[in-house]
Amino acid sequence: MSASPPVVSRRGWLAIAAGVAVAAGGTGLALRRSWQQSRELSAVETLLWQQTFSQVDGTVLAMAAFKGKPLVLNFWATWCPPCLEELPLLNAFFSENKAKNWQVLGLAVDQALPVKRFLAHSPLSFPVALAGFPGVELSRSLGNLSGGLPFTVVFGSAGEVQHRKMGKLNSTELQAWSRLQGS
């Protein structure tokens, strides 16, 4: 009668101990994986800041010129309707936040002529550079697993990725990012 509870209790303790051991092992693996991913991301970020891109007027734009201030990097194309819909939001964000040291760069995953035509019709206040088809791979290296557009990455002033957004931006997201200045 009274012998049953200690056996059940011992099994319970063994089950708890086994669960704790499995959880600790899983946590250790997760932390190791997280550390490895952050190390890889750091290498990707370093490579990004070494990149140069052509602008539609033929001048070269160096990513290194953007380091030191927060940056919203937007991958877009003229053939992408959601991309074109969000560009006015990005333009307004830039106009409202450039005095707070925010920068915006549009990287067009497109050819020069369509981008030039678009900008002639709908000028933007922030710089636009041409990434061409290799821009898809660049966006993938920054976390765009599907390679879709639009894709936006927010960098802190030290050049680190702070946020990623696959799909069309909205004003709420942009407002939240504008408050990141101190981070």
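**Close-up views of a predicted model**

**View 1. Strand S6 and its two partners.** S3 and S6 run antiparallel and are joined by five bridges; strands count as paired if DSSP finds at least two bridges between them. This is a predicted model, where local features need pLDDT of at least 70, side-chain atom pairs count only at pLDDT 80 or more, and totals for chains, interfaces and linings use all residues. Residues are numbered from 1 along each chain as its sequence is written, and side-chain values use heavy atoms, with hydrogens and water left out. Helices (H or I, at least four residues) and strands (E, at least two) are DSSP runs, numbered from the N terminus. Look for Leu 73, whose bridge partner in S6 is Val 153. S6 also pairs with strand S7 (residues 161–166), again antiparallel, over five bridges. There, Phe 155 sits opposite Val 161. Between these two strands lie five residues of a hairpin, in which Gly 159 takes a positive phi near 95°.

**View 2. Inside S6.** Five of the five residues of S6 are buried, so the rest of the structure largely encloses this strand. Buried here means under 20% relative accessible area, exposed over 50%, and partly exposed in between (1.4 Å probe, protein chains only). Phe 151, Val 153 and Phe 155 point one way, while Thr 152 and Val 154 point the other.

**View 3. Helix H2 and its kink.** H2 (residues 81–97) has 17 residues and spans 25 Å from first C-alpha to last, close to the 24 Å expected at 1.5 Å a residue (that is, 1.5 Å times one less than the number of residues). A kink of about 30° turns up at Leu 87, shortly before Pro 88; the bend is the angle between axes fitted to the seven residues ending there and the seven starting there. Buried residues of H2, including Leu 90 and Phe 94, pack against S3, S4, H3, S6 and H5, with contact meaning heavy atoms within 4.5 Å.

**View 4. Leu 107 in strand S4.** Leu 107 belongs to S4 and is buried, with a relative accessible area of 0%. Among the residues that Leu 107 touches are Phe 53, Leu 73, Trp 76 and Leu 138.

**View 5. Thr 78 in a loop.** Thr 78 lies in the loop between S3 and H2 and is buried at 19% relative accessible area. Its side chain makes a polar contact of 2.4 Å with that of Asp 110 (a pair of N or O atoms within 3.5 Å; within protein, one must be able to donate a hydrogen and the other to accept it, and residues adjacent in sequence count only if both atoms are side-chain atoms).

How values were computed
Lists of a residue's contacts leave out its neighbours within four places in sequence.
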